[in-house]
Amino acid sequence: TKVFAMSPGIAAAKAEEERQARLAKLSFGTKLLFSGFSGMVGASCMFPLDTCKTLIQNGVYGTIGAALRDIVPREGYLRLYHGLPANLIGIIPEKALKITVNDVTRRRLGCNDTTPGKIAQEMFAGGFAGMCQVIVTTPMELFKIGGQTGGKGLADTYKTVGGLAGVYRGTCATLLRDVPFSIMYFAMY
């Protein structure tokens, strides 16, 4: 008998199918742990750049290079991480809420882990998840920026913005950013 080798394209497709099947079997807790951990790693790696961006937007510096040339020698490299704890505290509940809402909404719409839904269903589920995550994202970013711009802790930032109502100032802008992103992200995922 002749044995035929599988073409590279078919082998790659089969490997991807097997990977997707393994991912579908992961428990919610495992998915939550992986998403929270990846969010924390991503935030930690990119935080110095985010701090520079925030300081540029606040008019403190004109460029990333100018920010780094001033901050690092004067205050040390760790100054670029002021505000990171608030971000790390918020990232796990943010990701948990986003993933849970997306998964539950997809199931309610008749989608499952192995069979994607119609594009409109995936877009709706993603957009709804993005809308819900703003409950965590808006205050998380406010506390992060408080740490980046003035070195304020959570309690000081909370008092400065005027309590709970102040913590959610900017929610509309956050919705306008996060909902379209989540629609695209989950529809393409």
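Predicted model: local features only at pLDDT ≥ 70, side-chain atom pairs only at ≥ 80, totals over all residues.
Which residues make the contact? Helix 2 contributes F47, D50, T51, T54 and L55. Helix 5 contributes K144, I145, Q148 and T149.

## Aromatic pairs

The count of aromatic pairs comes to five. One of them joins Y77 and Y81. Their ring centres are 5.8 Å apart, with 65 degrees between the planes. Planes over 60 degrees apart count as edge-to-face, so the Y77 and Y81 pair is edge-to-face. Y77 is partly exposed, at 47% relative accessible area. Y81 is also partly exposed, at 22%. The cut-off for buried is under 20%, so Y81 with its 22% does not count as buried.

F124 and F128 form another aromatic pair, and this one is stacked. The centre-to-centre distance is 6.2 Å, and the planes are 5 degrees apart. Both residues lie in helix 5 (residues 119–150). They are four residues apart, about one turn of the helix. F128 is partly exposed, with 33% relative accessibility.

F47, Y77 and Y81 form one aromatic cluster. F47 also belongs to the helix 2 side of the contact with helix 5.

## A charge over a ring

K98 lies over the face of Y185. The distance to the ring centre is 5.9 Å. The limit for this arrangement is 6 Å.

## Cysteines

How many disulfides does the structure hold? The number is zero. C132 is in no disulfide. The nearest cysteine sulfur to C132 is that of C172, 16 Å away. From the side of C172, the closest cysteine sulfur is in C132. A disulfide needs two cysteine sulfur atoms within 2.5 Å, so the 16 Å between C172 and C132 is too far for a bond.

Are these two cysteines buried or exposed? C132 counts as buried, at 15% relative accessibility. C172 is exposed, with a relative accessible area of 54%. The cut-offs behind these labels are under 20% for buried and over 50% for exposed.

Terms used. Residues numbered from 1 in each chain as written. Heavy atoms only, no water. Phe/Tyr/Trp six-rings, centres within 6.5 Å; stacked < 30°, edge-to-face > 60°. Buried < 20%, exposed > 50% of the residue type's maximum accessible area, 1.4 Å probe, protein only. Helix = DSSP H or I, 4+ residues; strand = E, 2+ residues; numbered from the N terminus. Lys NZ or Arg CZ within 6 Å of the ring centre and 35° of its normal. Contact = heavy atoms within 4.5 Å.
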